[in-house]
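Good morning, and thank you for the time. I would like to take the group through one structure, with attention to its side-chain contacts. Please have the sequence and the model in view.

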Amino acid sequence: MPQTVLMCPPTFFDVREAKNPHMGVPIDRVRAQHQWENLRRSLQDSGLKVELIDPVKDLDDMVFAANQVFVGEHPTMGRFIVPSRMRYPSRQKEVVFYVEWFRRRGYQVVDVNLAREFLEGHGDLIWHPDRLCIWAGYGFRSTRGGVERFAAAMQKLGFRVTRLELVDAHCYHLDTCLCPLSSESVLVYQAAFDPASVEKIRAGFERVHELSREEAVQFMGNGIVANGRFITPRLTPHLSHILAQEELTPVIVETTEFEKSGGSVFCMKSFID
Ligand code: ARG
């Protein structure tokens, strides 16, 4: 299991442009800083090492460290990244800073020729916990073509990519509606996917736990699994029951300010080992 995560302090975090249906309300900067610190602490308390990248002025979404690159490890090539091509020009500027951060630490850069397609890192690309295959969402941010090009590159490295089509604008990134809890079990908000994609998810996990739309739009499917804990922005009795069945201990970390930008705990970090 990966044990190190990368985060970016929310120094310049802001909501300036509505890139998804959650955005529109102004944020409380002091509160955001507080919530981010709490998340960092609870990741550390869960036994993870937290690395930081310097925030850059004017890059208001750079705090969402899950999106700028896809991170993987290959048996012979070692650790690698695939740089994203973000849909919004304001976010495209974040990518070089992340690529540089990883390059300096020795990660191989696998440049997929995305042409005019889009691909948004771990927002839409989620490793199966066995780390042999990758779940890939498209439709709102990453494009089908972007995912196809990524899949072709990953296939050459021996990783299988399962394409999933997203159909609910509130679940614009895969990490808002699909959350593996273990190699056998997953949290999923099914109506966020087209029927064929739901079938693929059902075939990929032994236990599929369904979230309600309410739970999904409140980011309960955007949790982080870390050493027997499940870090989530909130809990319902229904989700508590699922976590108990899966022997995960819930840890609540409030992320209301980041939710005004369309993100919660999962979006604010990337597993980097
Ligand atoms: N405001 C950001 C955007 O719309 C939020 C990104 C959330 N990240 C995520 N992995 N879902 O691009």
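**Salt bridges, rings and a sheet**

At 40% relative accessibility, glutamate 210 counts as partly exposed. Please keep in mind that this is a predicted model. The partner of glutamate 210 is arginine 202, and their side chains meet in a salt bridge at 3.0 Å, N to O. Arginine 202 is likewise partly exposed, at 37% relative accessibility.

The count of salt bridges comes to 22. One of them joins glutamate 254 to arginine 31, with the closest N and O atoms 3.2 Å apart. Glutamate 254 lies in the loop between β14 (249–252) and α7, whereas arginine 31 belongs to helix α1, so this pair ties together parts that are 223 residues apart in sequence. Both ends are partly exposed: glutamate 254 has a relative accessibility of 42%, and arginine 31 has a relative accessible area of 39%.

A further salt bridge, between glutamate 257 and lysine 260, has an N to O distance of 2.8 Å. Here glutamate 257 is buried, with a relative accessible area of 1%, while lysine 260 is partly exposed at 21%. There is also a network of salt bridges, which links Asp14, Arg16, Lys19, Arg29, Asp58, Asp60 and Asp61.

I turn now to the aromatic rings. The count of aromatic pairs is 11. Phenylalanine 13 and phenylalanine 258 form a stacked pair, 4.7 Å centre to centre with 25° between the planes. Which parts does this pair tie together? Phenylalanine 13 is in the loop between β1 (4–7) and α1 (29–45) and phenylalanine 258 is in helix α7 (residues 256–259), so the parts joined are 245 residues apart in sequence. Phenylalanine 13 is buried at 1% relative accessibility, and phenylalanine 258 is buried at 0%.

Two charged side chains lie over ring faces. Arginine 105 is over tryptophan 101, 3.8 Å from the ring centre, and lysine 269 is over phenylalanine 266, at 3.4 Å.

Finally, the sheet. Three strands form an open sheet in the order β3-β4-β5, with mixed pairing. Its edge strands are β3 (69–74) and β5 (108–109). Strand β4 (residues 78–83) pairs with β5 in the parallel sense over 2 bridges, and isoleucine 81 stands opposite valine 109 in β5.

Methods:
Residues are numbered from 1 along each chain as its sequence is written. This is a predicted model: local features need pLDDT of at least 70, side-chain atom pairs count only at pLDDT 80 or more; totals for chains, interfaces and linings use all residues. Side-chain values use heavy atoms; hydrogens and water are left out. Two strands pair if DSSP finds at least two bridges between them. Helices (H or I, at least four residues) and strands (E, at least two) are DSSP runs, numbered from the N terminus. Rings of Phe, Tyr and Trp (its six-membered ring) pair if their centres lie within 6.5 Å; planes under 30 degrees apart count as stacked, over 60 as edge-to-face and the rest as tilted. Buried means under 20% relative accessible area, exposed over 50%, partly exposed in between (1.4 Å probe, protein chains only). A charge sits over a ring if NZ of Lys or CZ of Arg is within 6 Å of the ring centre and within 35 degrees of the ring normal. A salt bridge is a side-chain nitrogen of Lys or Arg within 4 Å of a carboxyl oxygen of Asp or Glu.
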